[in-house]
Amino acid sequence: MAKLILLCLNYMILRSTVEAVFEDQVGKFDWRQQYVGKVRFSSFDTHAQSSKKVLLATESNVFAALNTRTGDLFWRHVDKTGPEGNIDALLQHGQDAVLVVGDGRLLRSWEINVGGLNWEILLDSGSFQSACLVGQQDNVKHVAVLKKTVISLHYLSNGHQKWIENLPESETVDYQAVYSDGNGEVYAMGVVPHSHITIVVYSVEDGEIIKQVSVEAPWLSNIQTSCAVIGPGMLTCMDPATVSLYMLDLHLESEMTQIPLQALGLEVTPGFHPVLVSTQPNPARQPLSEFFLQLGPEQYLLLQLNNGQIVTLRDFKPAMLASFATAGEKTVAAVMSPKNKTACSINLFNAETGRRLLDTTLIYNLDPNGGKPEKLYVQAFLKKDDSVGYRVMVQTEDHALAFLQQPGRVMWTREEALSDVVTMEMVDLPLTGTQAELEGEFGKKADGLMSMVMKRLSSQLILLQAWIAHLWKLFYDARKPRSQVKNEVTIENLSRDEFNLQKMMVMVTASGKLFGIDSKTGNKDTGLATLHVFNPIFGKKSHITPPALPQPILQSLLLPLMDQDYAKVLLLVDDQYKVSAFPSTKNVLQQLQEMASSIFFYLVDSSQGRLSGYRLRTDLSTELIWEVVIPTEVQKIVSIKGKRPNEHVHSQGRVMGDRSVLYKYLNPNLLAVVTESTDLHQERSFVGILLIDGVTGRIIHEAVQRKARGPVHVVHSENWVVYEYWSTKSRRNEFSVIELYEGMELYNSTVFSSLDRPHAPQVLQQSYIFPSSISTMEATLTEKGITSRHLLIGLPSGGILSLPKMFLDPRRPEIVTEQSREENLIPYAPELIIRTEWFINYNQTVSRVRGIYTAPSGLESTCLVVAYGLDIYQTRVYPSKQFDVLKDDY
Amino acid sequence: MLNTDRAPLLWLLAQAALVSAAWCFTDMETGPGAGVSTQPNGDRFKIEGRAIVPGIKTQDWVSAARVLVEGEEYVGFLRTDGSFAVNDVPSGSYVIEIITPNYRFEPVRVDITSKGKMRARLVNYIKPSEVIRQPYPLQIRASGPQSYFMKRETWGWTDFLMNPMVMMMVLPLLIIVLLPKVVNTNDPEMRKEIEQSMNMLSPNPELPDVSELVTKFFSGSKGSSKAGGSSKGTRPAAKRR
């Protein structure tokens, strides 16, 4: 055993040069973009005048600090996905940021300068409602957390609980908000819908109930959406039914006073629920008496509460967004209003008077491809002359953030939609005119020596011309200041390079925004908002109209047929099993009819565990030819992997130690079906894998891994399937590899047909221990398939491991023989080792990696890799080193 | 039967003594970390510890670090002093890893009994039931910076000199230039000695000289009659000098 490991180690050392990054290659071919997700809460660090931090808490359960000058991350903390890591509230005080996480499960305090945790405590169970900072005599020392049935007070310094109290009558009263204004009391506000409001006042000192008030409010159902506390503790609520404001003094026991908006001369846009926005710059003091009232989608009012009277300070119409900001003792209101079709203007107003501040206009240009502005975050600061300056962060509907300063300079933008890429594709860039000309020369048949020479000369001339133009452009650009040289998207800079290493990455995001990203630089191209036809390079919508889709589509297939424009044909199968082709020109339909008898496809219904194979008839109807049913009460289908259509296999077989050839079973129609047991008990759970021929439905092989459960990650390529699962018995992750061989002879070496393969393939399988869980897995892909294959494994740590397929080879012998040594087989070792030298992304970790996309380049040795998740990382890998490229130092 | 499934894990599993559930351990010693840490909501526990990177200030690395419990099943963060606590973990056996992009930490397995008794041990995937105790609360020390990069072959003088081609050219040169100076050729005794050694080195007189054979071969058939007898390897080496 020890000997085996030693041997294995020896091999490893011998092969340690399989792949790694050299330090001087850092950032040369790779780039990473880090994202945080859609912003839910944001807060500017105001405790120091020179601070450059903005805190963001996002819907992706990320809490991060950004540099406001550059938009880069200072630090970022990525919590667990799902509801357990959900950020419910963000409260900032000085250098501390308090977060409520996981529906009130945890209370965390972060030190925002270092980005480390101050403390974390577990809260009592119960769903979270609201939280606020509690101050006393201008000192903020506590944080109050309101849950469905309890209210608790915690010290800001260490998180310890000062007191916890059960809320009275919590079965009937729905407590929704907590409020404090620095007078030693905490107010918990609840509502019995359509009946009354209950206000419970607690003493900060010991949690004793000072008083409990119930006030009739039959019109109220939700405090958080319709109420706000204004000025000296006036709970102000909006009732859309009677179109009036109701006010209640929290310090006095009284009735609610009704103020109809009509009496103030105001009108609400029909069908709009008016919204109140107040501001409390210091949690130890009362909120300001000024507040916003939004009366319509494009109308805001700045109102003031003055001795119980509501005064209109200013009417903003049209106004898209409005927000308060405080610098020092001054509070300002920032209002965004439309200027023209392509731009908006933002102005500052004195909150106390409603007067516009001079020289505070900021122009925000709307992105024609982007979404509408959704939120406005204002960073106000005092200038040297004591006037208020400001910068704004605008969040748009497509999750983008833009940070602007006066008079409209965009300091940075972040496309947070890219934090949630659903799928992606890499598209070859087009040839330029000159490149096409050159290619044409080689493509055509020779037509006389003289004309060939002339053609060569003319194309050389064109090249020379292009080179001079390029030099001139370089010279011209060099004289211009750097900021003016814009990355314009033209056919010139988006054309194919010599080895097709630069491609266009087309990414589809969950927010519905589409991105085209240049793989060389990471520059974003354009964004766009069923079936869409567009030009992948420039992002312009194509003039071809997509067909109307009257029926839900079950499956879409890309056929190897091409129409006259070299567009591949897309087959759409609807839920009536009818097939339609796109583009459906006459030429295509004719080709389809000719090919129909050899077009087969399969459909999967995982809810019923049914796999069915169909064949296309010439009239484009379908015919069921096979069906496999996997009983859903025992196991469910979790994934199906076919082979990639653009995969090439270079060698048909493997040369054995005795110089004979073991031929690979290369069935292009093979499907790997992974099932998991429905019984999740650790003794009885299992993972199954079925290899099915997609044309005939023949089950080629079946394997079951007992005492194992998912998530199962599968890679299916060439003649092998690699899958990874969790072994419940040994509590570890295991890899298993299945390889299929025809044997020592090929049945039909020219063409593979699923219908004519009488012999079942030989199946070899081997399993290994993997010392980490994995997030995703993919195999490298190269132009001709000569280069050896690697598995790219995304780890939860953010590393992307490039594991040579050589280690996952079922022919690895347990006992080394002369023949196995001849064949270069590594002796079997149970544990696969993770070497950090094999991380293709060195310390550029990719958080929550969800997918890895591989694409071949024009160089056989090079495979392009994009890993996406919360971050996006693009690089090149050379699984067999750069055998077709001269060394850097040559 | 063509199906040649192999189960190499079998012998492994056989090796691992079947412990029904490793976290039902029975040793009752009360080490520093064996205290019961109960939490408000019943059977949820807290895994505590501290991570140390020798020689580096904690504030320089904690913001990029995370504590992962069994992949990403539970996530914890590091405090500004490098200590951590992962809250809300039910009883079971977990692998705890400190994840930072720049420093390497060894993973630790922590077992929590249903009563909340904790124990830490080394991770051994091959023998999952083997127990090598580690301190609890965890003390995880970074074993150094992560090494992601391969060393590039650098061009140095030694590499150049040790190159076999260079050696082949330089050594004979040295011999030709230096040897006559070192050895006094005027000394008759020495001369004799050299002569002797040269004789020994000279090819066996019985064997045909290769160069001669080749010249003969190319000079044509006229010399073929003399072949065999013409080999005269009696030329003394001293004369050649």
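I began with burial: 32% of the 241 residues of chain B count as buried (under 20% relative accessible area; exposed is over 50%, partly exposed in between; 1.4 Å probe, protein chains only). The model is predicted, so I kept the limits in mind: local features need pLDDT of at least 70, side-chain atom pairs count only at pLDDT 80 or more, and totals for chains, interfaces and linings use all residues. Residues are numbered from 1 along each chain as its sequence is written, chains are lettered from A and ligands numbered from 1 in the order in which they are written, and side-chain values use heavy atoms, with hydrogens and water left out.

I looked up the domains of chain B next. I found domain 1 (44-145) and domain 2 (153-199), with bounds from an automatic or database domain assignment. Their centres, taken over C-alpha atoms, are 63 Å apart.

Then I turned to salt bridges (a side-chain nitrogen of Lys or Arg within 4 Å of a carboxyl oxygen of Asp or Glu).

I picked out K162(A) and E205(A), which form one at 3.9 Å, N to O. K162(A) is in strand β14 and E205(A) in the loop between β17 and β18, so the pair ties together parts 43 residues apart in sequence. Strands are DSSP runs (E, at least two residues), numbered from the N terminus. K162(A) is partly exposed at 23%, and E205(A) is partly exposed at 48%.

I also checked E734(A) and R732(A), which meet at 2.9 Å, N to O. E734(A) is buried at 4%, and R732(A) is buried at 1%.

Definitions and conventions:
Helices (H or I, at least four residues) and strands (E, at least two) are DSSP runs, numbered from the N terminus.
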